[in-house]
Amino acid sequence: MPPTRSRAGVPEQLGFDGMPERLFVCTPSKLGAFTDCPRRYKYAYVERPAPPKGPPWAHNSLGASVHTALKNWYGLPVGRRDPGVLPTLLKSTWVREGYRDVDQERAAYRAALGWLETYVSGLDPDDEPLGVERTVAAKTAVLALNGRADRIDSRPGPSGPEAVIVDYKTGRTGTDADDARGSMALALYAFAAQRVFRRPSYRVELHHLPTGTVAAHEHTEESLSRQVRRAEDTARDIMAAEKAVADGADPDAEFPTNPGPLCGWCDFRKVCPAGAETPAKEPWAAVSHLTP
């Protein structure tokens, strides 16, 4: 029987006893948005049309440029994977939005190129990852999960080849083993990679390009299961809130705000009463340290 639609536009399956519940279709970033702030989740994923976002962020432009340059580096034939091609790759992928002015943009470009040259010099150009910007997917009793990992390496393990999740970071602040261990997104990528590639996937790594450091964690089946249960609990909370809204509850009550320092960086600060009380960050604030 086809689904009907609730008043909130959320598909509802007409019920029969014994029918399986619908799975919550999500990405790690979608789950993370709700964990950070349910109200931001509502603006991004529930309200239609979605409220207008603020101006683009320079740090997002910088991160996207670096990520795409690395993706294209791996897309080259092995014989052309050389640091000398990076200026061309970075220029072709450069995103210009959000910077204060041309001088700041140029400083950010020079910094990004330096990070890439240092990082690539430590890579073996002959290595072929299992995936670059690779989408992996898996289902549980609650989730229909998919997500795109920056890189998935094939490395030897105690029982044969394993899949290692690599996530690039370009922010000002470095990362440590606690960040890698606590990241639900990295754990979900590993969980899904096991099913896609049919091999163990326990090691997750955060590669911080500005400092050239790697923060890593070795998961176990138990720790991956904990992160999956955490994701399922988040999904249940989201579905309960959506159902309550569909039944007539106040959307703002079901998706409350979580005021804090992140409000200044929120795309929806201007339309959120709680966020509007927090001073706004300039679009270029997170890259201002790159300007001499």
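I started with Tyr99, which is buried at a relative accessible area of 10% (buried is under 20%, exposed over 50%, partly exposed in between, with a 1.4 Å probe and protein chains only). Trp94 is buried too, at 15%.

Housekeeping: this is a predicted model, where local features need pLDDT of at least 70 and side-chain atom pairs count only at pLDDT 80 or more, while totals for chains, interfaces and linings use all residues. Residues are numbered from 1 along each chain as its sequence is written, and side-chain values use heavy atoms, with hydrogens and water left out.

Next I searched the whole structure for aromatic pairs and got 10. My criterion takes rings of Phe, Tyr and Trp (its six-membered ring) with centres within 6.5 Å; planes under 30 degrees apart are stacked, over 60 edge-to-face, the rest tilted.

I looked at Trp57 with Trp265: a tilted pair, 5.5 Å centre to centre with 50° between the planes. These two sit 208 residues apart, Trp57 in the loop between helix 2 (38–46) and helix 3 (58–75), Trp265 in the loop between helix 9 (251–254) and helix 10 (273–276). Helices here are DSSP runs (H or I, at least four residues), strands likewise (E, at least two), numbered from the N terminus. Trp57 is buried at 10%, whereas Trp265 is partly exposed at 29%.

Back to Trp94 and Tyr99: their centres are 5.9 Å apart and the planes at 10°, so I logged the pair as stacked. I also noted one aromatic cluster made of Phe34, Tyr41, Tyr45 and Phe255.

Leaving out residues up to four places away in sequence, its contacts include Tyr74, Tyr119, Tyr168 and His207 (contact means heavy atoms within 4.5 Å).
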